[in-house]
Amino acid sequence: MTQVHYEDLDHGITMIDAQLYRQGQVSTYLMIEGDRAAFIETGTAHSVPGMLSVLEQKGIPRENVDFVIPTHVHLDHAGGAGALMRHLPNAHMVIHPRGARHMIDPSRLNAGAAAVYGEAEMERMFGTVVPVPAERVTEAGDGDELDFNGRVLRFLDTPGHAKHHFCVVDEAGDGIFSGDTFGLSYREFDTEHGPFVLPTTTPVQFDPEALHQSVDRLMAQSLSYMYLTHYSRVGDLKRLQQDMHELIDIYVDLARARAHDGDARHDALCEDMMQVLIRRLRDHGCRLPEDEMRTLLDPDVGLNVQGLEIWLDRQTQT
């Protein structure tokens with residue numbers, strides 16, 4: 001049986017480590033309601049054996065999984081959807097209307113990821129992205145509700161990180177499965193002050209104003225938790241909301257300040273962002289050595305800067 005880290009939260013929700021990048025970086029979730037189950041987020045093709053292992057440990061037959069729900073189609077959230085559904089004969093995938101075609105035909109997803117990571121690295125990290133049959137795909141628009149064995153899941157369109165992103169409101173779980181909309185929060189950065197959060201601006205659809213609005217829309221649901229994909233569940237949401245808004249604006253200011261730096265822009269922006277985050281982590285009470293903080297932050301900083309640069313170039317072209 002596949003060894004995988006998972007944590008039973010409450011409200012029938014289990015966080016499962018997606019075994020991507022490192023333990024503690026990417027979550028998927030198993031939701032159990034009565035004798036039925038649903039997966040929210042899928043990780044990659046490499047995540048599937050671990051997810052099925054947890055399902056087995058919970059005593060849920062594969063045919064009792066009703067839904068597979070990626071918040072958006074980036075490969076660390078949806079890359080394993082097709083492979084997972086091959087093992088779940090009765091499951092339907094629920095996806096944002098802008099993302100459905102990419103799940104049915106993932107060729108553009110594969111090409112986009114290869115452009116960001118390189119083909120060899122993409123295959124190593126994500127494995128093969130398997131198409132999902134169109135008849136097993138259900139689109140969920142803004143405000144749509146899903147009856148999951150009597151448990152209501154409601155979908156909110158939340159652009160800013162990506163135009164194909166929704167969040168899943170689960171009042172029974174007193175929280176929202178927020179994908180990347182409410183940022184990243186790694187448990188290594190928790191202190192006596194609580195969790196630390198930072199926005200994710202990965203390529204290619206970062207929109208700061210839309211992200212500000214989406215963060216506030218999630219908070220307007222007046223629930224206690226965000227079930228993050230990166231990583232696990234967090235509370236103390238009012239403070240994290242403020243931190244998200246501050247850092248979105250700081251990221252934008254950093255990018256604009258480097259707009260004319262030419263070939264030096266990417267590396268300079270990476271160091272600018274790293275310095276900001278390390279300083280804020282120190283203020284948050286994080287006592288990790290700086291080299292350890294840099295190691296933990298480095299993958300996200302590099303991708304965040306790529307997304308910022310794409311956004312910045314669009315601004316200068318208009």
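Predicted model: local features only at pLDDT ≥ 70, side-chain atom pairs only at ≥ 80, totals over all residues.
Q: What makes the glycine just after α6 worth a look, and what is its phi?
A: Gly127, which directly follows α6, takes a positive phi of about 70°.

Q: Why is the chain called as compact as a globular protein of its length?
A: Let's start with its make-up: the chain has 10 helices and 13 strands. Its radius of gyration is 19 Å, close to the 20 Å that the globule rule gives for 318 residues, so the chain is as compact as a globular protein of that length. The radius is taken over C-alpha atoms, and the rule is 2.2 Å times the number of residues to the power 0.38. Along the principal axes, the C-alpha trace spans about 55 × 45 × 40 Å.

Q: How many of the residues count as buried, and what share of the contacts joins residues 24 or more positions apart?
A: Of the 318 residues, 58% count as buried; the label means under 20% relative accessible area, with exposed being over 50% and partly exposed in between (1.4 Å probe, protein chains only). Among contacts with a separation of 6 or more, 68% come from residues 24 or more positions apart, a contact being heavy atoms within 4.5 Å.

Q: How many side chains are positive and how many negative?
A: There are 27 positive and 50 negative side chains, and the centres of the two sets lie 1 Å apart. Lys and Arg count as positive and Asp and Glu as negative, while His and the chain ends are not counted. Each charge is placed at NZ of Lys, CZ of Arg, CG of Asp or CD of Glu.

Q: Why do the buried residues of α6 count as lining one face of the helix?
A: Those residues are Met122, Met125 and Phe126. Down the axis of α6 they fall within an arc of 75°, so they line one face of the helix; the arc is that of the directions from the helix axis to the C-beta atoms. The face turned away carries the exposed residues Ala120 and Arg124. On the buried side, the packing partners are α2 and α5.

Q: What makes the buried residues of α5 a face too?
A: In α5 (residues 107-117), Leu109, Ala113 and Ala114 are buried. Their arc, seen down the axis of α5, is within 130°, so they line one face of that helix. Arg108 and Ala115 are exposed on the other side. The cover over the buried residues includes α2 (75-78), α4 (100-104) and α6 (119-126). Just after α5, Gly118 has a positive phi of about 90°.

Q: Is Pro199 buried or exposed, and how do you know?
A: Its relative accessibility is 0%, so Pro199 counts as buried. Pro199 sits in the loop between β11 (175-179) and α7 (208-219). Leaving aside residues up to four places away in sequence, Pro199 touches Gly183, Met244, Leu247, Ile248, Tyr251 and Asn304. One of these, Met244, is 45 residues from Pro199 in sequence but 6.0 Å from it in space, C-alpha to C-alpha.

Definitions and conventions
Residues numbered from 1 in each chain as written. Heavy atoms only, no water. Helix = DSSP H or I, 4+ residues; strand = E, 2+ residues; numbered from the N terminus.
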